[in-house]
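Colleague: Could you walk me through this one? I'd like to go through the parts piece by piece.

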Amino acid sequence: MKSVKFLSLAAAAALMATAAFAAPPVKEIETAKGKVLAGENDMTLYTFKKDTKGVSNCYDDCAKNWPPLMAASDAKADGAYSIIERKDGTKQWAKDGMPLYYWVKDKKAGDITGDGVGGNWDLAKP
């Protein structure tokens, strides 16, 4: 009987661990401009106007200033959140097909200093 109980607990733990990897690492936070999307670290996420659905066009110096919200190799798309493949083979989270990024000049949770930079960057909205 103990082994059946143990196996049930092990199966439940494995299912919960799988569910944790399946969910996108994104949440809503309140900022001076209303609700925006943020990563697990509570840092604001942005979209790039030069991207197209499912395609990132931010590499090299752009990606140094606007680090992509990377997806683990075992991450799974969920609802409006999808995973795109970058040209280097890594994976990146996207919302409604648009890749998501951080801004290096945001220093604390709720900062939105990247909004409108160069006329190309927008706050990612829920």
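Modeller: Helices (H or I, at least four residues) and strands (E, at least two) are DSSP runs, numbered from the N terminus. This is a predicted model, in which local features need pLDDT of at least 70 and side-chain atom pairs count only at pLDDT 80 or more, while totals for chains, interfaces and linings use all residues. Residues are numbered from 1 along each chain as its sequence is written, and side-chain values use heavy atoms, with hydrogens and water left out.

Colleague: Where does D96 sit, then?

Modeller: D96 is placed in the loop between β6 (91–95) and β7 (98–99). Its phi is positive, about 50°, although D96 is not a glycine.

Colleague: Which other residue has a positive phi although it is not a glycine?

Modeller: D60 does, with a phi of about 55°, and D60 lies in the loop between β3 and α2.

Colleague: Is D60 buried or exposed?

Modeller: D60 is exposed, at a relative accessible area of 61%, whereas D96 counts as partly exposed at 44%. Here buried means under 20% relative accessible area, exposed over 50% and partly exposed in between, with a 1.4 Å probe and protein chains only.

Colleague: Changing topic, how many disulfides are there?

Modeller: The structure holds one disulfide, a term for a pair of cysteine sulfur atoms within 2.5 Å. It joins C58 to C62 with an S to S distance of 2.0 Å, and the link is left-handed, at -105° about the S-S bond. C58 is buried, with a relative accessible area of 0%.

Colleague: And which residues have the most contacts inside the largest nonpolar core?

Modeller: That core has 13 residues, and those with the most contacts inside it are Y46, F48, C58, W66, Y101, W121 and L123. The elements giving two or more residues to this core are β2 (34–39), β3 (46–48) and β8 (121–123). A nonpolar core is a set of buried Ala, Val, Leu, Ile, Met, Phe, Trp, Tyr and Cys residues joined through side-chain atoms within 4.5 Å. Another core, of twelve residues, lies apart from it, and V26, Y81, L100 and Y102 are among its members.

Colleague: What about D51, what does its side chain reach?

Modeller: The side chain of D51 reaches the backbone nitrogen of N57 at 2.6 Å. D51 is found in the loop between β3 and α2 (61–65). Leaving aside neighbours within four places in sequence, D51 is in contact (heavy atoms within 4.5 Å) with residues including S56, C58 and Y101.

Technical notes:
A polar contact is a pair of N or O atoms within 3.5 Å; within protein, one must be able to donate a hydrogen and the other to accept it, and residues adjacent in sequence count only if both atoms are side-chain atoms.
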